[in-house]
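Please look over the sequence and the fold shown below, and then follow the description from the chain as a whole to its sheet and helices.

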Amino acid sequence: MTARTTKIAAKPEHPSYPNPTISEALCEIRFELPEGASWKPSLPGEFFKRVQDDYPEMEPAYEVGLQLEFGPKKIGHSLSPPRQLARFTHASRPLILQLSENVFSVNVLPVYPGWSSMREDVVTAWSQARSVLKPAKVTRVGLRYINRIERKKPDETPSEWLSAGDYISAGVLRSKGAFLSRVESHIDQENVLIVTVAEIQSDDTDAMRPIVLDIDRIVEKQLSVKNDALLKEMDSLHEHVWQVFESAMTPRLAKQLKGVVK
């Protein structure tokens, strides 16, 4: 079955740019199986049979999570245990599906095709996963956009490209050296926004190190596994991600997105 079997009406799109900065966009869906059912190692293979016409490559992989730790005397981080997953690569498009116990994700690589296309890919892939996994409920949906902004000169501060606001501090944007900012905001008991701004490190001191703007929007609550419930949450998450990105965009970044910065 092809990955495009259903046309899904979307909200009007936000501006589409000829020179997008998105290096990866992904939607992660966490789910629970019915009571009494357990995860079977054979499920990724069964899913592969369902999608192999469009995703002919399946490979095992491991994902290691990074957890921040806050204490009275220190702030640190630790690595969570590696999670085994199966990765499925599309035959002709920059699309990757990932499946592990209770987690399914759709990863879109450059060139980003726009929200209407991505949401259709997510819902189509989730429909295929649902037919195999038969989940009882969705417990969390996350939408994450990782932007890579290329500098033009090695000594440019981040303020050339990003504006300060609720989630990005002016002090970080004035940095003339390496920088890292991570703001995690709990909007309410169900909604979380994580905004990370950082410089990609390099051993070359003269390198024009790119800037990363990572916007991760999450909702954690019990949801129906049906497509309409997923779409409603995805559209809401995307709208908030866009608002954060738009508020952080400087005139120079807007020009670069349009392909007019030299």
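Among contacts (heavy atoms within 4.5 Å) between residues at least 6 apart in sequence, 67% join residues at least 24 apart. This is a predicted model, in which local features need pLDDT of at least 70 and side-chain atom pairs count only at pLDDT 80 or more, while totals for chains, interfaces and linings use all residues. Residues are numbered from 1 along each chain as its sequence is written, and side-chain values use heavy atoms, with hydrogens and water left out.

The secondary structure comes to five helices and 11 strands, where helices (H or I, at least four residues) and strands (E, at least two) are DSSP runs numbered from the N terminus. Nine strands form an open sheet in the order β2-β5-β6-β7-β1-β8-β11-β10-β9, with antiparallel pairing; two strands pair if DSSP finds at least two bridges between them. At the edges stand β2 (57–63) and β9 (180–186), each with a single partner strand, so one side of each is left without a neighbour in the sheet.

Within this sheet, β1 (residues 22–32) and β8 (residues 137–149) run antiparallel and are joined by 10 bridges, and E28 stands opposite G142 in β8. Helix α2 (residues 115–133) lies across β1, β6 (95–100), β7 (103–108) and β8, running at about 30° to β1; axes here are lines fitted to C-alpha atoms, for helices over the stretch in contact, and angles run from 0 to 180 degrees between N-to-C directions. Helix α4 (residues 227–248) also packs on the sheet, touching β1, β8, β10 (191–199) and β11 (211–223), and its direction makes about 150° with that of β11.
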